[in-house]
Amino acid sequence: MERTPSSCQNEEKKGKMKRTIVKDWKTRLSYFLQNSSTSTKTKSNKKGKQHTYFRPSPEEAQLWSEAFDELLANKYGLAAFRTFLKSEFCEENIDFWLACEDFKKIKSPQKRRSKAKKIYNDFIEKEAPKEINIDFQTKNMIAQNIQEATQTCFSAAQKRVYSLMENNAYPRFLESEFYQELCKQSQISREPQET
């Protein structure tokens, strides 16, 4: 196959784009590591109560590799996974899954209808800002089901997205440099630092 000047330029552009993406990925991950390098963080919620978050030990991070649910159940693991998905330009999957989890907890039918419309507008409808990749039949079923807005109206799509994350993104996350670093960092001091 003969290389033309335009094919060389296209390869050069692809190479530059890939290097830019990798550089951005490393920058985000190093920022994430730096901002979580202390052993504890204290955050206030809307009501003024303080919550303390502990950075996971390497052993705890290694538990995330045993099951996808272990990762999702851990606040730090979820944040790390979301950062990873963001670097791969597919954070809409975790955002949709979390929105569905919140949706299932809503008791008021009126609030549920409102949230169902928001989820549909944000993730399901064609050209939605965070459109998820689901089949046409599932989209149609959801469009019909949101009229009643039962707690299960997004279940099929949520299962599909969960499966997609578990089988595709999760293995890549476990192989990522960032996750490997979390598993290695055994020398982090857990003693309070004096100021």
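Student: What percentage of the 195 residues of the protein chain count as buried?

Tutor: The structure is a predicted model. A residue counts as buried when its relative accessible area is under 20%. Of the 195 residues in the protein chain, the share that counts as buried is 34%.

Student: Which pattern does the protein chain follow when read along the sequence?

Tutor: The protein chain contains nine helices and two strands. Taken in sequence order, these elements give the pattern α-β-β-α-α-α-α-α-α-α-α.

Student: What share of the contacts with a separation of 6 or more comes from residues 24 or more positions apart?

Tutor: A contact requires heavy atoms within 4.5 Å. Among contacts in the protein chain with a separation of 6 or more, residues 24 or more positions apart account for 57%.

Student: How many residues apart are Phe-81 and Phe-173, which form an aromatic pair?

Tutor: The count of aromatic pairs comes to 12. Phe-81 and Phe-173 form an edge-to-face pair, with 5.6 Å centre to centre and 85° between the planes. Phe-81 belongs to helix 4 (residues 75–87) and Phe-173 to helix 8 (residues 155–175), and the pair links distant parts of the chain, 92 residues apart.

Student: Are Phe-81 and Phe-173 buried or exposed?

Tutor: Ring pairs link Phe-81 and Phe-173 into a cluster whose members also include Trp-64, Trp-97 and Tyr-179. In terms of accessibility, Phe-81 and Phe-173 are both buried.

Student: Which parts of the structure hold Phe-96 and Phe-154?

Tutor: Phe-96 and Phe-154 form an edge-to-face aromatic pair, 6.3 Å centre to centre with 85° between the planes. Both residues are buried. The pair ties together parts 58 residues apart in sequence, because Phe-96 lies in helix 5 (residues 92–105) and Phe-154 in the loop between helix 7 (136–145) and helix 8.

Student: Why do the buried residues of helix 6 line one face of the helix?

Tutor: In helix 6 (residues 109–124), the buried residues are Arg-112, Ala-116, Ile-119, Tyr-120, Phe-123 and Ile-124. They line one face because, viewed down the helix axis, they fall within an arc of 100°.

Student: Which helices are included in what covers the buried residues of helix 6?

Tutor: Gln-110 and Lys-111 are exposed on the other side of helix 6. The cover over the buried residues of helix 6 includes helix 5 and helix 7.

Student: Which residues does Lys-139 touch, not counting those up to four places away in sequence?

Tutor: Lys-139 is located in helix 7. Its relative accessibility is 17%, so Lys-139 counts as buried. Leaving out residues up to four places away in sequence, Lys-139 touches Ile-124, Glu-131, Ile-132 and Ile-134.

Student: Is Glu-127 buried or exposed?

Tutor: Most residues other than glycine have a negative phi. Glu-127, although not a glycine, has a positive phi of about 65°, and its place is in the loop between helix 6 and helix 7. With a relative accessible area of 66%, Glu-127 is exposed.

Student: What is the relative accessibility of Ala-149?

Tutor: Ala-149 has a positive phi of about 50° although it is not a glycine. This residue is found in the loop between helix 7 and helix 8. Ala-149 counts as buried, at a relative accessibility of 1%.

Student: How many disulfides are there?

Tutor: Cys-90 is buried, with a relative accessible area of 12%, and Cys-183 is buried, with a relative accessible area of 13%. A disulfide requires two cysteine sulfur atoms within 2.5 Å. By this rule, the number of disulfides is zero.

Notes: Residues numbered from 1 in each chain as written. Predicted model: local features only at pLDDT ≥ 70, side-chain atom pairs only at ≥ 80, totals over all residues. Heavy atoms only, no water. Phe/Tyr/Trp six-rings, centres within 6.5 Å; stacked < 30°, edge-to-face > 60°. Helix = DSSP H or I, 4+ residues; strand = E, 2+ residues; numbered from the N terminus. Buried < 20%, exposed > 50% of the residue type's maximum accessible area, 1.4 Å probe, protein only. Arc of directions from axis to C-beta.
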